[in-house]
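This briefing is for a reader new to the structure shown below. It begins with a pair of helices and then turns to other features.

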Amino acid sequence: MVVTFASTALKSVRWWIFLRSRTQLRFSFVLRLTTASTGMNALLVANAGDIMRVEVAAKRAKVGRRVILRSLVCDKVVEVLAFATFAALTIALADTPWLPRPAIVIGAASVVLFFLAWLASNKAKELRGKAGATAYALSLLSWLTQIVTYSLAARAVGLTLPLSATMATLVAVNLGGVLRLTPGNIGVYQAMYALALTPFGVPSSAAIGAAVLTQSAQIMSGAIAGAIATIRLSSFERSA
């Protein structure tokens with residue numbers, strides 16, 4: 001749970017980097033808001049937490065939703081670029097028949113090309129220079145904390161996975177969670193996790209056990225921290 005919260009904290013810093021150029025929102029507020037959003041995303045469908053944080057941040061900063069949404073888009077672009085980096089590393093470290101190498105190469109290349117094209121336009125000034133580089137580095141650290149979470153959960157159920165297998169599960173689970181069709185992506189999460197470990201000779205029962213533990217830790221930490229953050233936000237709004 002501690003590692004999971006560290007990932008949320010890194011995401012908060014990353015979003016705040018893009019917010020501070022257009023708003024006066026304090027980092028402490030952004031941390032609470034991001035934590036509450038993460039808790040909602042862990043329990044609901046379709047990333048409802050992100051919708052909530054755009055609304056609350058716009059109200060608190062007294063700016064249009066478009067300003068907040070723009071900062072969130074920048075945040076998501078950097079996060080996806082970092083994810084593409086890890087997907088490329090997975091290609092180098094492991095053979096993943098569940099997702100052919102050409103598919104990953106094309107997907108990762110497309111993300112990078114889109115990012116570069118957007119960066120070259122006047123619509124992505126926030127991503128240029130130190131801000132963009134810092135946000136990208138924070139995204140890499142955030143994904144690394146998730147790898148640690150996956151590895152610790154697997155060991156807790158008796159699975160000692162190589163780094164390549166852990167990275168493969170991370171890529172597969174996050175690809176399966178793009179749309180979040182079920183609350184907390186339950187079911188899809190476990191299926192993608194087990195599918196990723198099949199090439200490594202891990203029995204489906206063991207893989208599903210590790211997946212359940214990993215997701216339970218993420219949901220519980222997200223829900224608990226999110227509930228506390230939501231209470232703090234509510235009291236903060238009432239006193240404002």
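Helix H1 passes helix H2 in a right-handed crossing. The model is predicted, and the points below are grouped by topic.

**The H1 and H2 pair**
- H1 covers residues 2-19 and H2 covers residues 27-43; their axes come within 9 Å and cross at roughly 125°.
- The two helices are therefore oblique to each other.
- On the H1 side, the contact is made by Phe5, Thr8, Ala9, Ser12, Val13, Trp15, Trp16 and Leu19.
- On the H2 side, the contributing residues are Phe27, Val30, Leu31, Leu33, Thr34, Thr35 and Thr38.

**Salt bridges**
- Side chains of opposite charge can pair when their charged atoms come close.
- The structure holds 7 salt bridges.
- One of the salt bridges joins the side chains of Asp75 and Arg14, with a distance of 2.6 Å from N to O.
- Asp75 lies in helix H4 (residues 65-93) and Arg14 in helix H1, so the pair links distant parts of the chain, 61 residues apart.

**Helix H6**
- Helix H6 spans residues 129-156 and has 28 residues.
- From its first C-alpha to its last, H6 reaches 41 Å, close to the 40 Å expected at 1.5 Å a residue.
- Gly158 follows H6, and the phi of Gly158 is positive, near 90°.

Conventions:
Residues numbered from 1 in each chain as written. Predicted model: local features only at pLDDT ≥ 70, side-chain atom pairs only at ≥ 80, totals over all residues. Heavy atoms only, no water. Axes fitted to C-alpha atoms, helices over the stretch in contact; angles between N-to-C directions. Helix = DSSP H or I, 4+ residues; strand = E, 2+ residues; numbered from the N terminus. Parallel < 35°, antiparallel > 145°, perpendicular 65-115°, else oblique. Left-handed = near helix turned anticlockwise from the far one by under 90°. Contact = heavy atoms within 4.5 Å. Expected span 1.5 Å × (residues − 1). Salt bridge = Lys/Arg side-chain N within 4 Å of Asp/Glu carboxyl O.
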